[in-house]
Amino acid sequence: MTPKQSILIIEDEKSICSFIETTLTANGYKVQTASTGQKGLSIATSLCPDLILLDLGLPDMDGLDIIQKIRSWSSLPIIVISARTQEREKVNALDSGADDYITKPFGTSELLARIRTALRHYQHISDLKGSSAVPVYQYDGLTIDFDKRLVTLNGQTIHLTQIEYKLVTLLAQNSGKVLTYDYIINHIWGPYADNNNQILRVNMAHIRRKLEANPAEPNYIFTEIGVGYRMQESQS
Ligand code: CA
């Protein structure tokens, strides 16, 4: 039997906390809870959970500070829970090192899916560090061979420009995760790039025209309005 994965919930709203705790326990996770940031940080450092669910609006600390503190010693996955729908806050959380976010109110299946993705992604990264395996992105007819730098859709080679290929690769290597506009721009055009999303949007429109049957209803790369882009998680 594989050991249960442990999840720490840092959330001051009792009803939400117990809803999540019940859901996760029923789905085979070991759960710890903390109602303040300080308590959460001390459990995180002493017990090293596999994943943290973090409410940004805590009574004693700013959730962003908690993310930064944890990131100073660990890259364990952090999913932010937020009642606030402001895009800016999600962007700040992601840029501070959170892996994903979920907005209240959310359903059980959405929560479990986000957790599975974050845990898998983290495992995948750890596996890559320990091996020379060449990853391939694969989902519904789309294949990206990172070693051969080859993108195929239903067996046909897709011709991408240098920038388009870099963009698709960045998203594919982080598939399932939201990447913020600033993060993408920094990675593709460098830290001194104009932080104007226009060039990114134009390139993304070209990519969609090449990859998506209907660019208005994408199958591979989704827009997270006001935040960034998320690529459908790879099945390989
Ligand atoms: Ca709260």
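Student: Why does Cys48 count as partly exposed?

Tutor: Quick background before that. This is a predicted model, where local features need pLDDT of at least 70 and side-chain atom pairs count only at pLDDT 80 or more, while totals for chains, interfaces and linings use all residues. Residues are numbered from 1 along each chain as its sequence is written, and side-chain values use heavy atoms, with hydrogens and water left out. Now, buried means under 20% relative accessible area, exposed means over 50%, and partly exposed is in between (1.4 Å probe, protein chains only). Cys48 has 45% relative accessibility, so Cys48 counts as partly exposed.

Student: And what makes Cys17 buried or exposed?

Tutor: The value for Cys17 is 9%, so Cys17 counts as buried.

Student: How do you know whether Cys17 and Cys48 are bonded?

Tutor: A disulfide is a covalent bond between the sulfur atoms of two cysteines. The test used here asks for a pair of cysteine sulfur atoms within 2.5 Å. The closest cysteine sulfur to that of Cys17 is in Cys48, 20 Å away, so the gap is too far for a bond. The structure holds zero disulfides.

Student: What makes Phe19 and Phe106 a tilted pair?

Tutor: Rings of Phe, Tyr and Trp (its six-membered ring) pair if their centres lie within 6.5 Å; planes under 30 degrees apart are stacked, over 60 edge-to-face, and the rest tilted. For Phe19 and Phe106 the centres are 6.3 Å apart and the planes are at 45 degrees, so the pair is tilted. Phe19 sits in helix α1 and Phe106 in the loop between β5 and α5, 87 residues apart. Helices (H or I, at least four residues) and strands (E, at least two) are DSSP runs, numbered from the N terminus.

Student: Which kind of pair do Tyr139 and Tyr220 form?

Tutor: That one is edge-to-face, with 6.1 Å centre to centre and 85 degrees between the planes. Tyr139 is in strand β6 and Tyr220 in the loop between α8 and β11, so the pair ties together parts that are 81 residues apart in sequence. Tyr139, at 17%, counts as buried, and Tyr220 is buried with 4%.

Student: How do you know that β6 pairs with β7?

Tutor: Two strands pair if DSSP finds at least two bridges between them. Four bridges join β6 to β7, and these strands run antiparallel. Tyr139 stands opposite Leu142 in β7. Four bridges also join β7 to β8, again antiparallel, with Ile144 opposite Val151 in β8.

Student: What goes into the largest nonpolar core?

Tutor: A nonpolar core is a set of buried Ala, Val, Leu, Ile, Met, Phe, Trp, Tyr and Cys residues joined through side-chain atoms within 4.5 Å. The largest has 28 residues, and Ile184, Leu211, Ile221 and Met231 touch the most other members. Helix α6 gives the most to this core, with six residues.

Student: Which residues does Leu211 touch?

Tutor: Contact means heavy atoms within 4.5 Å. Leaving aside neighbours within four places in sequence, the contacts of Leu211 include Leu142, Val151, Tyr220 and Ile221.

Student: Last one: why is Arg114 called buried?

Tutor: Arg114 has 17% relative accessibility, so Arg114 counts as buried. Arg114 is found in helix α5 and, not counting residues up to four places away in sequence, touches residues including Asp100, Tyr101 and Arg230.
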